[in-house]
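Visitor: Hi! Could we go through this one together, starting with the ligand?
Guide: Happy to. Here it is.

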Amino acid sequence: MTKQHKGTALVTGASSGIGAIYAQRLAKRGYDLILVARNAERLSELATRLTKETGRTVETVPADLGNKADLARVEAVLKTDRSITLLVNNAGFGGTAPLLASDVDKMQAMVDLNVTALMRLTYAAVPGFVARGGGAIINIASIVAIAPEILNGVYGASKAFVLTFSQSLKHELADKNVRVQAVLPGATATEFWGVAGTPVEHLPTEIVMQAEDMVDAALAGFDQGEFATIPALEDAGLLKAYEDARQALMPNLSRSAPAARYKAA
Ligand SMILES: NC(=O)c1ccc[n+]([C@@H]2O[C@H](COP(=O)([O-])OP(=O)(O)OC[C@H]3O[C@@H](n4cnc5c(N)ncnc54)[C@H](OP(=O)(O)O)[C@@H]3O)[C@@H](O)[C@H]2O)c1
C-alpha cells in the first residue's frame, strides 16, 4: 500500500546494498525516485521492480560520479528537477588496507567519490530546496568518521568530511526548513567489503548488521528528527556525551594568547 506522495528522492549508489534498500523503503513511503550509479542494468532492474511493487515513478541516471562530466549531468538534474525533495548521498567506497599497502590513485578516486561528488551534489540541491521552502539531505557517513583507526585512513577521513560537512549544513540551514541527517553505519552486510578488500565473511558476525535493519534504523532516526544516527549504538547517552564535550570545547578554541602550558619557560 503506497503512502501519500512525498516528492522525488534522488539516491546515489542505488544499484546495490544500502542505496538499493533506501530506494525501496522510500518508494514504499511515497517518494518517486531518481536512481544513480554506474551499473545501468542493475538500476533498470530495480526501477522496474519498484514501479511494479509501489506504483511510483522511478527514473534511472547511469553515471560514474567520479567522472566530472557524469557528475555534472547529475548536478544538472538536481538543479532543474523541481520535484526533488530529498537527496540521499550514499554512493561511496572504502578500503581496509593501511597507507603502506594502499595505492594513492585509488585513494584519490575514493576522495573524488566520497567527498567531491557528495559535496557537489549537495551544492546542486540546496539552493533549490531553500527556494522551494524546504527539503532534506541524508548523508551516509560511517562510524569510521569518529573512529578512523578501524579501517583505511583516507576512507575514515572522507567520512569525517561527510560528518563535519553535514554538521555545518545543519547549522547553516536550520532556519530554512532543510533537514540534514548524517548516518554512521557500522559494518553492514553489503558488497562494500569485497570492494574494500576484506570479504564480509571474514568479520565477526556479532558486529555485522543486515543492510535492511541498518536502513530501517536510519530512517527511524530520520523520523525522530535526529542529526547523527548510529544504528548500532545502544546507549544514546554516549553520543550525547561526545557532542556535549565538543560543544564545551567550542568557545575555548580561539584566543589571543597561547594556553599557559605552551608559554616559554
Ligand atoms: N557496508 C558497510 O559496512 C558500510 C559501513 C558504513 C558506511 N558505508 C557506506 O555506505 C554507502 C553504501 O555502501 P554499501 O555498503 O551499500 O556498498 P555497495 O553495495 O558496494 O554500494 C555502493 C554503491 O555505490 C555505487 N558506486 C560506487 N562507485 C560509484 C561511482 N564511481 N559512481 C556512482 N556510483 C558508484 C555502487 O554502484 P555501481 O557499482 O553500479 O556504480 C553501489 O550502488 C557507502 O558510502 C559506504 O561508504 C557502508
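Visitor: Which residues come nearest to the ligand?
Guide: This is a predicted model, to begin with. Of the 30 residues around the ligand, the nearest are Arg38, Asn90, Tyr155, Thr188 and Thr190.

Visitor: And which helices supply at least two residues of that shell?
Guide: Those are α1 (17–28), α5 (153–172) and α6 (192–196).

Visitor: How do the shell residues divide into nonpolar, polar and charged?
Guide: There are 14 nonpolar residues, 12 polar ones and four charged ones around the ligand.

Visitor: What lies 2.8 Å from a nitrogen atom of the ligand?
Guide: A backbone N or O atom of leucine 65 does. Aspartate 64 has a side-chain N or O atom that is also 2.8 Å from a ligand nitrogen.

Visitor: What about serine 16 and the ligand's oxygen?
Guide: A polar atom in the side chain of serine 16 lies 2.9 Å from an oxygen atom of the ligand.

Visitor: How much of the ligand's accessible area does the protein cover?
Guide: On its own the ligand has 880 Å² of accessible area, and the protein covers 93% of that.

Visitor: Where does the ligand sit, then?
Guide: In the largest pocket.

Definitions and conventions: Residues numbered from 1 in each chain as written. Predicted model: local features only at pLDDT ≥ 70, side-chain atom pairs only at ≥ 80, totals over all residues. Heavy atoms only, no water. Near = heavy atom within 4 Å. Polar contact = N/O pair within 3.5 Å; in protein donor to acceptor, adjacent residues only side chain to side chain. Areas by Shrake-Rupley, 256 points an atom, 1.4 Å probe, with all protein chains shown as cover. 1 Å grid on protein atoms, 1.4 Å probe; cavity = no way out; pocket = protein on both sides within 12 Å on 5 of 7 lines; lining within 4 Å. Sits in = over half its atoms within 2 Å of the grid points. Helix = DSSP H or I, 4+ residues; strand = E, 2+ residues; numbered from the N terminus. Nonpolar A, V, L, I, M, F, W, Y, C, P; charged D, E, K, R; others polar.
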